[in-house]
Amino acid sequence: MKRLVSASLMCADLLNLRASLRQLEEVGVDWLHCDVMDGHFVPNWMMFPDLINAIAGETSLPLDIHLMVTDALMMLPRLKLRKGDALTISLESTVHAQRALAAVREAGAIPGLALNPGTPLVMLEELLPDVELLLLMSVNPGYAGQKLVPQSIGKIARARAMLDGAGYAATRLAVDGNCSFDNVPRMVAAGADVIVAGTSSLFMKGLSLQEGMARLRAAMA
Ligand code: DX5
Ligand code: ZN
């Protein structure tokens, strides 16, 4: 499976988002990771549907929308999803996760499911047919710039084995949180194929996006 870089837009220059989009297109990121935070599921606020829809109108790159909200189903109709966009819900906040995943697929997007570091993989078992993108949080969601929860690496490997063993080899496996130049080789070796790039790599202070991207691609090779 082709390994993808999903650039975390909350780490870009928020006051110059249009320019950031152009630069991210130029350096060749694969997806644009849009974090949505509602101040309830996580103690922070980030991106809202009108902003995400505006971004979708401004770029042809696929959007990788990551909902960290208490009510994913309420948000779904507000998003103008395009074919190729991914919409990931958080399992821990979504009681009727199967319904939500089916609704995302019905809306024409790639249905994604995110798991917090403390949520065991067994919670995923019955949802496998409805998930095309599994996103493992490798930090507790809410902020950029946190340290890796160490057991995440083993969890990636176990998730990949679980997917392959159950006949879901085509399901993508993303990692989000402290995907640093040091951690990414271990994440990829464990089976991750989508790397969410934030302040630990692409948007690292003191690096240009070109330099960050070159180092990240090398770490993913
Ligand atoms: C939240 C975000 C952040 C962040 C990751 O889901 O996706 O986790 O951008 O990047 P780092 O941890 O490298 O700042
Ligand atoms: Zn995210």
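Modeller: Of the 221 residues in the protein chain, 58% count as buried, where buried means under 20% relative accessible area, exposed over 50% and partly exposed in between, with a 1.4 Å probe and protein chains only. This is a predicted model, in which local features need pLDDT of at least 70 and side-chain atom pairs count only at pLDDT 80 or more, while totals for chains, interfaces and linings use all residues. Residues are numbered from 1 along each chain as its sequence is written, chains are lettered from A and ligands numbered from 1 in the order in which they are written, and side-chain values use heavy atoms, with hydrogens and water left out.

Asparagine 116 counts as buried because its relative accessibility is 16%. Leaving out residues up to four places away in sequence, asparagine 116 touches Phe41, Glu92, Met137, Pro141 and Lys155; contact means heavy atoms within 4.5 Å.

As for the whole protein chain, seven helices and nine strands are present, taken as DSSP runs (helices H or I, at least four residues; strands E, at least two) numbered from the N terminus. Among contacts with a separation of 6 or more, 62% come from residues 24 or more positions apart. The C-alpha trace spans about 45 × 35 × 30 Å along its principal axes.
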